[in-house]
Amino acid sequence: MTPLRDPFAEGRRYCLPVTSWPGSAYPLGATYDGTGTNFAVFSEVAHLIELCLFDRQGVEKRIPLEDVDAFVHHAYLPGVTPGQRYGYRVHGPYAPGRGQRCNPAKLLVDPYAKALDGTLIWGQALFSYPLDAPPDEQASSRHRAATDGLDRTDSAGQTMKSVVINPFFDWGADRAPRTPYHRTLIYEAHVRGLTKTHPGVPEELRGTYAGIAHPAVIEHLVSLGITALELMPVHQFVLDHTLANRKLTNYWGYNTIGFFAPHQAYSASGSGGHQVQEFKGMVRALHEAGIEVILDVVYNHTAEGNHLGPTLGFRGLDNAAYYRLDDKHPDRYVDYTGTGNSLNVRHPHALQLIMDSLRYWVLDMHVDGFRFDLASALARELHDVDRLSAFFDLVQQDPVVSQVKLIAEPWDVGEGGYQVGKFPPQWTEWNGKYRDTVRDFWRGEKAALPEFAARITGSSDLYEHNGRRPVASINFVTAHDGFTLNDLVSYDHKHNAANGEGNRDGESHNRSWNHGVEGPTDDAEIVELRARQRRNLIATLLLSQGVPMLLHGDEMGRTQHGNNNAYCQDNELSWVDWASADGDLKAFVAATSRLRRAHPTFRRRRFFRGSPVRDVGDPIPDISWLTSAGTEMAHGDWDSSYHRAFAVFFNGEGINERDDRGEPITDVSFLLCFNAHDAPLHFRTPPVEYAHGWEVVLDTGLPRQPSSPDVLVAAGGSVPALGRSLVVLRAAT
């Protein structure tokens with residue numbers, strides 16, 4: 001192999017200290033101790049690793065890491081301080097047919113870097129093979145013999161640099177809120193999209209961690225009763241080549257290159273590691289308001305793509321250790337994620353990387369939990385999804401990670417990847433079946449009633465078999481992937497032309513309904529019905545057993561104009577439009593959230609049993625299912641494919657739980673009257689054994705809710721409900 005040109009041999013001066021001591025193999029990454037920095041990086045295949053330091057002018061100095069312990073190459077450099085930019089060059093075999101892809105011409109990011117600087121400049125330099133002749137079956141043997149498939153263009157000027165950070169931060173009296181799941185209300189948000197147009201946030205802070213920490217944003221979250229902010233990916237990610245060619249961007253961020261580094265573009269403080277301090281400041285501010293921080297993490301794949309992808313870090317360090325390779329064709333990758341590669345959770349070092357990253361974000365960055373993207377991919381030991389895989393064993397045993405909120409997206413794109421209800425007991429799950437069933441019920445689908453009943457009571461059919469509770473179900477109707485709440489009731493079809501894929505991308509079966517007109521309309525009747533349906537979906541979500549999750553902006557009627565896959569739209573299409581906020585809808589969300597928060601009836605920690613809990617004449621169970629006539633539902637009522645109206649009684653004296661001081665938890669009882677018919681009807685309240693009287697506390701048929709109950713209904717009385725509406729009654733005391 002031809003040696004790479006050394007810029008220092010040509011007289012270019014490097015002005016930073018270069019003294020090197022042996023250092024330590026632990027911890028991995030760059031660790032500043034107040035006087036110098038220890039560098040440690042893993043590679044089982046490397047013959048030699050060079051640490052490359054860069055000064056402010058981009059001049060590079062290479063330092064061989066001569067000390068190696070257990071395949072960790074390391075050195076300590078006194079005088080190297082926070083802000084120092086660096087990377088690695090790995091000398092080793094380049095033999096894709098054997099799964100080896102080392103190339104010292106490519107500057108590699110540190111997998112354990114706590115911060116990254118710069119952007120990728122797409123071109124030949126980022127790739128280890130000649131782009132005009134990719135190393136696959138189509139390449140001629142003559143060309144491969146002449147070039148050995150290796151490109152030697154130096155990538156240092158076109159790739160990102162790792163950064164030594166200052167690990168010290170004044171956390172003050174910061175304490176984790178540790179909100180129990182049954183009291184949790186999650187708000188899924190995008191750092192940039194949530195604050196980019198907020199009029200109360202200074203312009204220079206919009207779209208940043210500091211913007212989220214601004215009092216105007218926190219006050220909004222508090223007004224909704226939010227207890228946990230779930231941020232879409234904030235691990236450092238990159239714009240992939242395909243989107244760059246289409247002049248689009250990777251807005252969602254599911255393209256990670258740094259599992260320890262907060263994304264630098266979300267920092268108002270600039271680069272050089274300052275993004276770490278800003279992120280910590282955001283967490284501290286949210287904690288002061290009682291709001292937890294949950295990160296959407298993407299440990300299932302990296303930004304290096306398939307066998308034709310760039311060499312940015314993991315691939316050049318130790319391809320076979322970090323990635324799941326095809327056993328029969330090691331030059332190819334196993335792909336359970338649809339992104340080109342899957343992280344190799346069968347390898348101990350890849351598992352260590354994930355666990356070290358999780359612990360870092362909890363211990364150093366003070367986050368409170370994680371939502372695992374395509375989590376089924378992490379459970380694949382061989383080909384099948386295995387709930388007892390090594391990853392889950394490690395999480396179960398870890399004294400740090402096992403104690404925070406762990407939320408699975410319980411599917412991937414591989415065969416058998418849909419695993420709703422099958423994760424270990426300490427995990428909660430995005431309940432995709434809840435989303436689908438609630439949408440179907442309110443748009444009037446046939447035979448949706450039995451499953452709808454299961455979903456609003458905590459999905460015991462999915463979670464009770466392995467000892468889990470209702471809080472195992474993260475209930476949602478909308479999320480970042482799919483229609484917003486407004487668009488769910490305004491469009492029958494996706495409108496993704498702006499993504500540049502001929503409207504082929506995104507889900508085609510959305511269980512949505514435009515109510516007669518596709519998109520915006522001036523028809524007053526349709527406008528009112530859509531508003532009512534939004535309230536129906538929000539009220540159902542917030543009053544179901546389990547843990548509710550709202551999508552940012554849904555409380556204000558945010559629209560993406562029918563785009564259900566805005567992953568590449570970093571613009572007004574996907575940002576929250578604060579200027580057009582629906583004040584009535586926001587007030588409704590806040591009022592329904594207060595109702596949930598005030599009453600343990602709606603946030604039980606155990607499943608309903610349907611058994612009697614007290615005797616007043618006839619035994620009254622903890623839950624009763626009633627027809628609109630006020631009688632108990634019979635088998636025929638459940639089986640009717642057209643049955644779209646019913647009531648459910650939640651017995652406040654049948655909670656059968658104790659509070660933190662060991663006292664029994666009791667509450668008033670509630671009656672929820674669901675009418676998914678298109679016509680109005682009257683519900684008859686149950687007999688006096690259930691309650692002597694009822695007061696209406698919420699009615700989705702009303703655009704504005706009364707400040708206090710003003711309708712009193714006697715036992716056996718009549719309650720009007722508009723077509724497609726939900727009326728909630730509280731037992732009068």
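1. Two residues are said to be in contact when they have heavy atoms within 4.5 Å. Helices (H or I, at least four residues) and strands (E, at least two) are DSSP runs, numbered from the N terminus. In these terms, L351, I354, M355 and L358 of helix α8 meet A390, F391, L394 and V395 of helix α9. The residues of this contact comprise eight nonpolar, no polar and no charged; here Ala, Val, Leu, Ile, Met, Phe, Trp, Tyr, Cys and Pro count as nonpolar, Asp, Glu, Lys and Arg as charged, and the others, Gly among them, as polar.

2. On the basis of the note: this is a predicted model, in which local features need pLDDT of at least 70 and side-chain atom pairs count only at pLDDT 80 or more, while totals for chains, interfaces and linings use all residues. Residues are numbered from 1 along each chain as its sequence is written, and side-chain values use heavy atoms, with hydrogens and water left out.

3. The axes of α8 and α9 (residues 390-397) come within 11 Å and cross at roughly 35 degrees. Such axes are lines fitted to C-alpha atoms, for helices over the stretch in contact, and angles run from 0 to 180 degrees between N-to-C directions.

4. A nonpolar core is a set of buried Ala, Val, Leu, Ile, Met, Phe, Trp, Tyr and Cys residues joined through side-chain atoms within 4.5 Å. Buried means under 20% relative accessible area, exposed over 50%, and partly exposed in between (1.4 Å probe, protein chains only). The largest such core has 156 residues, of which F370, F372 and F391 touch the most other members. Helix α8 (residues 348-363) supplies the largest share of this core, eight residues. A second, separate core of 19 residues includes L626, V696, A721 and L729.

5. Neighbours within four places in sequence aside, the contacts of F370 are I294, L295, V297, L358, W361, V362, V404, K405, L406 and I407.

6. Helix α10 (residues 432-442) is largely enclosed by the rest of the structure, because nine of its eleven residues are buried. Among the buried residues are Y434, D436, R439 and W442. G444, which follows α10, has a positive phi near 85 degrees.

7. Helix α7 (residues 314-322) is also mostly covered, with eight of its nine residues buried. These buried residues pack against α8 and several strands, including β2 (36-42), β3 (48-54) and β15 (256-262).

8. A645 belongs to strand β25 (residues 645-650) and, at 5% relative accessibility, counts as buried. Although A645 and F674 are 29 residues apart in sequence, their C-alpha atoms are 5.5 Å apart. Apart from neighbours within four places in sequence, A645 is in contact with F674, N675, H677, L681 and F683.

9. Y26 and P27 are joined by a cis peptide bond with omega of about 0 degrees, and P27 is found in the segment before β1 (29-32). R178, which is not a glycine, has a positive phi of about 50 degrees; R178 is found in the loop between β11 (161-163) and β12 (186-189) and is exposed at 60% relative accessibility. H515, also a residue other than glycine, has a positive phi near 65 degrees; H515 lies in the loop between α13 (485-488) and α14 (524-543) and is buried, with a relative accessible area of 8%.
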